[in-house]
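We will go from one selection to the next.

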Amino acid sequence: MKKRYIFLALVPIVLSILLALLPDKSNSIDAKRIAKNLKSAKYTGVSPDKLLLEAVNNDRFIQPDELATVIMGQDPSYMLIDLRDAGQFEKFTLPGAINIPSDQIMTEENRATFESDAYKYVLISNGTILSDQVWMILRRAGYDNLKVLNGGLNQFYQLYLNPPKPGDLDPSEAFDNYRFRKAVGAHLGLPNPDEFIPGGSAAVVAPSVTTETAKSATKTPAKKVVPVKAAGGGDEGC
Amino acid sequence: MGPLIPEIISPEWNNIIAIVLGIAFGYVLESAGFSSSRKLVGVFYGYDFAVLRVFFTAAITASIGLLFMDYFGWVNMAALDGLPARVYPIIVGGIIMGLGFVTGGFCPGTCITAIGIGKLDGYVFFGGIILGVFVFSEMFPLFENFYNSSNLGDVSVPQYFNISPYWFMVGVSVIAIVAFYVTLQIRKRIKKVEY
């Protein structure tokens, strides 16, 4: 056999053995394989730079008024996901919301919830932080159509329990808005401070806004939102 | 993809590079004699193993090159997308492809090469390809389920069996060299065919 053939045959074998004996390196194919496995598990649905871009702009937020319109119109294309634990969910939630506690968001069953393209998923928690965290996890996992309720349930509740009254010089839209919010409040069964509290809305102590970590302060039996007495602090649990 | 693309070569060059590579590929095919259907089918009858050697060499050269480039961080192998491994449909497709190869005397790329040097059988084969594509597309709903069955996803052999891709590469290189040697011996024993 020609020497040239032997040489040529040895080249790939030597090169591949060399490759196999090289020390492992962070950008070696093994590291890439892990990355690829993650990819196949749908963990890289959105690249980190794109995710960062999405995280700094506010497109993901749905404003309380927008969500109120959805709830009032019973828009079937929205799915409300309550991320708080079951106890808080029992006490109060928005009409039509389903409960997926934030620590169970990545279980097989719960992930399947987010697979459909037919829904816009509104993530709801007491504030914005928890929903934002879950939004980021899901977004990174590649799920689309996710919305975060801006301000969370605390702000939502506050806005419709006691909507800021427009001043005399405000444009008529402000009055429309006010009436709309009152109507939503009534629709949701929220108490109307003007009706039953002597002294009107001024006497209603603004419900204290709780942070995500202060959930334990619950004391409101607010499942069907019973009118809270003027003692205030009614919606810590929401 | 790594520093080679897009940092050194910007995506705007994609089409130009594709054309240059395509011309080079056609040139190599033609100079290897792959525009002759008699040479191509020689691998089935045992009188010419050029096809096996050229493609096996191409495969191991490209794999070793890619693995080295990946190791040095020039190319990101994880970003290379493979076709999903649909086991049974690929077996059936391979059999159909093999039958077409042995009866027609070309595979799709080499038939274009044959057209390039003006061979009539190349034209006929190309017409057959177009016809086949048309029939396949029209009949696709009939076997769509089978087409999508036994899908393992985008996996490579080392990934599937969870072995080191480098040692797998060593194995493939050894198999290639053994195949070259065996085919050389077969060719020595078979009567030379003039074509």
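Select Ile175(B). This residue sits in helix α10 of chain B, which covers residues 165-189. Keep in mind that you are looking at a predicted model. Is Ile175(B) buried or exposed? Ile175(B) has 12 other C-beta atoms within 10 Å, and a residue with 12 or fewer counts as exposed, so Ile175(B) is exposed.

Along the sequence, Phe56(B) and Ile175(B) are 119 residues apart. In space, their C-alpha atoms are 9.6 Å apart.

Select residues 50-71 of chain B, which form helix α4. How does the span of this helix agree with its 22 residues? At 1.5 Å a residue, α4(B) should span 32 Å. The C-alpha atoms at its ends are 31 Å apart, which agrees.

Colour the buried residues of α4(B): Val51(B), Phe56(B), Ile60(B), Ile64(B), Leu67(B) and Asp70(B). Then look down the helix axis. The buried residues fall within an arc of 165°, so they line one face of α4(B). Turn to the face pointing away from that buried side. There you find Ala58(B), Ala62(B) and Gly65(B), which are exposed.

Step just past the end of α4(B) and select Gly73(B). Its phi is positive, at about 80°.

Next, colour chain B by pLDDT. The average is 86, and 96% of the residues score at least 70. Which element of chain B has the lowest mean pLDDT? Helix α1(B), residues 3-8, has the lowest, at 66. Helix α7(B), residues 120-139, has the highest, at 93. Where pLDDT is low, the predicted coordinates should not be read in detail. For the model, ipTM is 0.73 and pTM is 0.50.

Move to chain A. Its secondary structure comes to 10 helices and 5 strands. Of its 238 residues, 25% are buried. Take the contacts in chain A with a separation of 6 or more: 67% of them join residues 24 or more positions apart.

Select strand β2(A), residues 78-82. Which strands does β2(A) pair with? One is β4(A), residues 120-124, which runs parallel to β2(A) and is joined to it by 5 bridges. Another is β3(A), residues 98-99, also parallel, with 2 bridges.

Finish on Asp82(A). In β3(A), its bridge partner is Asn99(A).

Conventions
Residues numbered from 1 in each chain as written. Chains lettered and ligands numbered in written order. Predicted model: local features only at pLDDT ≥ 70, side-chain atom pairs only at ≥ 80, totals over all residues. Helix = DSSP H or I, 4+ residues; strand = E, 2+ residues; numbered from the N terminus. Buried ≥ 20, exposed ≤ 12 C-beta atoms within 10 Å, placed from the backbone. Pairing = 2+ DSSP bridges. Contact = placed C-beta atoms within 7 Å. Expected span 1.5 Å × (residues − 1). Arc of directions from axis to C-beta. pLDDT = per-residue confidence, 0-100.
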